[in-house]
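Hi there,

I am passing a structure on to you, and my notes follow below it. Have a look at it first, then read on.

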Amino acid sequence: MRETQLSAHDFVLPLFVSEKLEKRRAIASMPGVFQFSLKEIVDEAHRAQDSGLQAILLFGIPAEKDEQASGAYAENGIVQKALRAIKTKCPDLVAITDVCLCEYMSHGHCGVTRIDGDHFHVLNDETVDLLVKTALSHAKAGADMVAPSDMMDGRIRAIREALDVNGFQETGIMSHAAKFASAFYGPFRDAAESPPQFGDRRSYQMDCANADEALREVALDVAEGADILMIKPALPYIDILWRVRERFGKPTAVYHVSGEYAMVKAAAEKGIVDERAAVLEIMTSLKRAGANIIVTYWARDLAEWTRQ
Ligand SMILES: [Zn+2]
């Protein structure tokens with residue numbers, strides 16, 4: 001009689017691969033989450049598949065950063081190398097890649113920037129050109145789906161066209177269709193080593209107060225050819241999730257982000273909440289509110305817990 005059932009197929013595991021590491025590095029603010037070396041990432045992907053998960057979301061940390069984010073679209077970039085290795089060992093595992101520039105930019109912003117006196121601008125079209133190159137290089141290296149997380153205008157259409165023209169019609173796009181400027185991204189910036197060196201991301205991420213604006217942003221991504229619509233963060237935006245799923249009827253994903261994870265972990269460590277019960281309640285709520293896919297750092301635990 002239970003209306004909402006969770007299973008391993010609901011979850012996607014984010015994985016971080018670092019070009020700088022020989023051995024895994026724990027992320028202090030996110031207990032149980034690591035950056036992995038290129039060698040280790042293949043085993044982690046394999047472990048994910050063995051646990052019953054169908055998909056991973058891959059983030060790269062390059063050895064070098066620059067003002068053109070050239071590591072993001074290098075043929076031998078860290079994500080490209082990791083993808084080739086993962087798809088060789090686990091061809092059936094769905095490999096989704098984060099497509100953004102912030103991890104690869106020396107200044108940590110998601111796009112090409114220009115500074116005018118005290119102000120800085122993110123240049124939309126120049127950024128889109130680099131995002132297209134990045135997405136295409138991921139597809140060539142074996143990505144099944146690309147996940148642009150930048151929120152620039154027009155990038156979904158540009159990526160879709162480039163993929164199609166180059167023979168990657170089957171490569172899907174999971175668009176961060178509504179990504180809010182959020183206090184809950186803090187730990188991720190440790191994990192991805194991508195804090196902005198100046199300014200903040202409010203010029204290109206959305207205001208948490210705006211729901212109708214979120215629906216307009218999502219509508220644009222739908223029109224441009226997004227296959228899966230992602231909302232980020234998850235729990236504080238559960239109303240947006242519901243409205244997007246109701247309005248567009250497309251596969252809808254949420255990213256349960258680092259700060260949301262860290263809060264429950266911290267409370268559980270203090271004995272304030274029961275971790276497993278809290279996580280199962282959160283995930284059930286997200287699915288009940290319309291999520292077809294939940295990206296979460298608990299994905300592997302959830303695969304285990306939902307089997308029991
Ligand atoms: Zn970014």
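M151 sits in the loop between β8 (145-148) and α4. Helices and strands are DSSP runs numbered from the N terminus, with at least four residues (H or I) for a helix and at least two (E) for a strand. M151 is not a glycine, yet its phi is positive, about 75 degrees. Is M151 buried or exposed? M151 is buried because 25 other C-beta atoms lie within 10 Å. (A residue is buried if 20 or more other C-beta atoms lie within 10 Å of its own, exposed if 12 or fewer, and partly exposed in between; C-beta atoms are placed from the backbone.)

Please keep in mind that this is a predicted model: local features need pLDDT of at least 70, side-chain atom pairs count only at pLDDT 80 or more, and totals for chains, interfaces and linings use all residues. Residues are numbered from 1 along each chain as its sequence is written.

A69 is another residue to look up. It lies in the loop between β4 and α2, and its phi is positive, near 55 degrees, though it is a residue other than glycine. With 28 other C-beta atoms within 10 Å, A69 is buried.

Next, please find helix α6, residues 212-224. Its 13 residues reach 19 Å from the first C-alpha to the last, close to the 18 Å expected at 1.5 Å a residue (the expected span is 1.5 Å times one less than the number of residues). Which residues of α6 are buried? They are A214, E217, V218 and D221. These residues are on the same side of α6 because they cover an arc of only 95 degrees around the axis, taken from the directions from the helix axis to the C-beta atoms. The face turned away from that buried side carries the exposed residues D212, E213, R216 and A223. The buried residues of α6 pack against α4 (155-165), β9 (172-179), β10 (228-232) and α7 (238-248). After α6 comes G225, with a positive phi near 110 degrees.

In the loop between β10 and α7 you will find P233. A cis peptide bond joins K232 and P233, with omega about -10 degrees.

Finally, V279 is in helix α9, residues 275-288. V279 counts as buried because it has 22 C-beta neighbours inside 10 Å. Leaving aside neighbours within four places in sequence, V279 is in contact with V264 and W298 (contact means C-beta atoms, placed from the backbone, within 7 Å). V279 and W298 are 19 residues apart in sequence and 8.0 Å apart in space, C-alpha to C-alpha.

Enjoy exploring!

Note on methods:
Contact = placed C-beta atoms within 7 Å.
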